[in-house]
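Hi,

Here's the structure I said I'd pass along. Have a look at it first, then read on for my notes.

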Number of protein chains: 2
Amino acid sequence: MSLEIIIIGDELISGKTRDLNGWYASGCLLSNGLLVNEIRTVGDNYPSIASALRAAVKRSQVVIVTGGLGPTEDDRTTEAVARVFRRPLVLDQDLLFYIKESMDRLGLSWSPSLEKLAWLPKGARILDSNRQMCGFSISRGDCSLYFLPGVPEQMRHLMNKAVIPDLLQKHRPRVIPRNRLLKVYGMSESQIADAFEGLSDTLSAVIFGFYPSFPENHITITVRGKEDVQNDRELERAEQEIRDLLGHYVFAADEQTMEGVVGEALKERKMTLSVAESCTGGLIGHRITSIPGSSLYFDRGATVYSNRSKVEMLGVKQGTLSAYGAVSDETVREMTEGIKRVAHTGIGIAVTGIAGPEGGTDDKPVGTVYIGLSADEQTSSARYRFSGDRDKIKLQTSEMALDWVRRYLYGYPFIPGI
Amino acid sequence: MSLEIIIIGDELISGKTRDLNGWYASGCLLSNGLLVNEIRTVGDNYPSIASALRAAVKRSQVVIVTGGLGPTEDDRTTEAVARVFRRPLVLDQDLLFYIKESMDRLGLSWSPSLEKLAWLPKGARILDSNRQMCGFSISRGDCSLYFLPGVPEQMRHLMNKAVIPDLLQKHRPRVIPRNRLLKVYGMSESQIADAFEGLSDTLSAVIFGFYPSFPENHITITVRGKEDVQNDRELERAEQEIRDLLGHYVFAADEQTMEGVVGEALKERKMTLSVAESCTGGLIGHRITSIPGSSLYFDRGATVYSNRSKVEMLGVKQGTLSAYGAVSDETVREMTEGIKRVAHTGIGIAVTGIAGPEGGTDDKPVGTVYIGLSADEQTSSARYRFSGDRDKIKLQTSEMALDWVRRYLYGYPFIPGI
């Protein structure tokens, strides 16, 4: 079945607003086994809307259109539908009554522009059985067209309550494709591509996708075979092959995150963590505490931006700072031992580095970062060199520090420094 | 001139990834006076790419295509260009040499899949003069096609350095529209709409746009008159009227951020800041230190997640925690006074609250947050109630805390608590 989405709105082709509706609708359709071929985004003008509608009914069996159903003069979708498909607009007296009633109920005053909402193309079917939201569908030969409001909450509600049930009734896919997302940290896209050369040729109906999600790389596995049971087995086999090829570089699947995986591992082992951050400025703590229930294992963080704070909060020696500098292996080791000691936690981690754009030297250029971890009376540390702007250096540092905790807890080797 | 964008990638028609490139490219073009007619998003397969390219060259003079230029097997754009426009792929030896050299320079190992990047359609012009990024352009009759990588940073770099200069040389618009973005915090969209009723009717050729950007509200002012000088004057007048109407709720313009504005104000006044964070877990420090040069005014942060850390790092009294709880006015006042004292800074701020989803009570439901600020021997504090999920509560808390610093520094009243 051929399915496309048309998004209408000047704000979406002028860089003002990032699309939410095409993204949501395509994901919602896919999770019901319905694959979208194309998303087309056009402005609020008759020629663009008309040309998109004409092309769509020629090539697609299902067309979902969002936007341009409101009361203002830049809402032109309904009129365009009437003109393109030669269906005169008809005033739906029932709908008009409902609109007036709900304005009353909300204590809002009636405005003549609202009458526009009750004029629909002849033969249109209203999607919201409660008539609280704009939205209708029409048929045109073999093609079903659904027109939804651009307001994301309303559009989502109607997708789930009206469009999806309708489509599943008409075109229920016999088999729903199976998906898995594997998340990789520490291997580049081309290293992953090379590793995939080792994949067996016997995986049938399996499609792989590769998506950089800085600083991670994500791999999607999709199985579109003809039978559910077979698909489940193929998905499992493909996932296992990839995990065997990439080893402990695969850190999470589907909705899991690095900070979530670290949190789970700490909880299982009943261990506690504290963090000393210099260049990341609090980002590591922020990520750790984005996980509900993180207070079970996260005790505290010391964001030691000034040298004085390193001395006062963590007991870093003034002599170490003077001799080796704040960005040094010696300092990061004292930071990590210091935070573990003052926080009385099982694990302490620390980072110090040069996030830039200023502050680099020949010896320690921007992006130079030291990471340390203390646990079991032992301290490990390494130097890394990250590239990119300030935000990217902070993000990579936080990811590497969290990955150190993960690797420590699972007994994997750390990603080597330089 | 007719201009369209084609976005290639299965992840964008399956709800996996929200588009960034079409959004960025269309905004970037518009700010140079070039209006996009349409953004088309298709999957990584030959029939879809081919049909989008064929339709595009028929109706548009400029076509910008992003995605599918990488080394993996699902990157199919270059090959599709070769097939659709019958231009055989040619190995660019120079480019191959550059790719190998830059892999060497970055200390990365060569991988055979990278050779693919050096095969380009005959007659293609490489966009990056340093040959560090994929991307090329070709001409087809009157139509110029630009092919850019899907990686947002690279795509943005090439848009600004190669595509825009090229387009402006060929199609410079006579008058460039003027834009300004004003950022508002602490007023709802409908409060802003009401305030706009007071706007004078004499602003000609000025278009306003309203875009929620949680937890902020952004207002765009666009002036599309016929003369540059007049446009500049109208833009200035519109901005001044809005600033008069909304007062100190407007905190920034264009690229400025809340943390950037706070940083500038601290620097100008040569004042220093320290932060004690409980529910935000480090987010406030992270935002402050996202600004280059923030070490000039940011001394340290104490992320005091456990009660013990509040006592040990900030000197909060055990009795206060027992009597009033960690989320209380009494505790936030001791936190803010504590961090200011231990950090020896001019200003100390503190936050404590319930980010959820667990931990709420009847008296202090999820979203209850206390904010405190100490400076000049005085401490202010207030209670707020934020809504939304954990991430949204953390984000609103960080925004309110930063807004407190801004308002303190400018002498504006704080947004009232509950």
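Predicted model: local features only at pLDDT ≥ 70, side-chain atom pairs only at ≥ 80, totals over all residues.

**Aromatics**

Across all chains, the structure has 17 aromatic pairs. One of them is A:Phe136 with A:Phe147: the ring centres are 5.0 Å apart and the planes meet at 25°, so this pair counts as stacked. A:Phe136 sits in strand E7 (residues 136-140) and A:Phe147 in strand E8 (residues 143-148), both of chain A, so the pair links parts of the chain 11 residues apart. How buried are these two? A:Phe136 has a relative accessible area of 1%, and A:Phe147 has 0%; with the cut-off for buried at under 20%, each of them is buried.

Back to A:Tyr384 and A:Phe386: they form a stacked aromatic pair too, with 5.8 Å from centre to centre and 5° between the planes. These two also belong to one aromatic cluster, together with A:Trp404 and A:Phe414.

**Charges over rings**

B:Arg83 lies over the face of B:Tyr46, 3.5 Å from the ring centre. B:Lys392 puts its charged end over the ring of B:Phe214, at 4.7 Å from the centre.

**Two buried residues**

Which strand holds B:Glu4? B:Glu4 is in strand E1 (residues 3-8) of chain B. B:Glu4 has a relative accessible area of 1%, so it counts as buried. What does its side chain make a polar contact with? The partner is the side chain of B:Ser60, at 2.8 Å. Setting aside neighbours within four places in sequence, B:Glu4 is in contact with several residues, among them B:Glu38, B:Arg40, B:Arg59 and B:Ser60, as well as B:Val36 and B:Ile64.

In chain A, A:Val184 belongs to strand E9 (residues 178-184). A:Val184 is buried because its relative accessibility is 0%. Again leaving out neighbours within four places in sequence, the contacts of A:Val184 include A:Ile192, A:Ile219, A:Leu246, A:Val250 and A:Phe251, along with A:Glu216 and A:Asn217. For a sense of scale, A:Val184 and A:Leu409 are 225 residues apart in sequence, and their C-alpha atoms are 17 Å apart in space.

Cheers

Note on methods. Residues numbered from 1 in each chain as written. Chains lettered and ligands numbered in written order. Heavy atoms only, no water. Helix = DSSP H or I, 4+ residues; strand = E, 2+ residues; numbered from the N terminus. Buried < 20%, exposed > 50% of the residue type's maximum accessible area, 1.4 Å probe, protein only. Contact = heavy atoms within 4.5 Å. Polar contact = N/O pair within 3.5 Å; in protein donor to acceptor, adjacent residues only side chain to side chain. Phe/Tyr/Trp six-rings, centres within 6.5 Å; stacked < 30°, edge-to-face > 60°. Lys NZ or Arg CZ within 6 Å of the ring centre and 35° of its normal.
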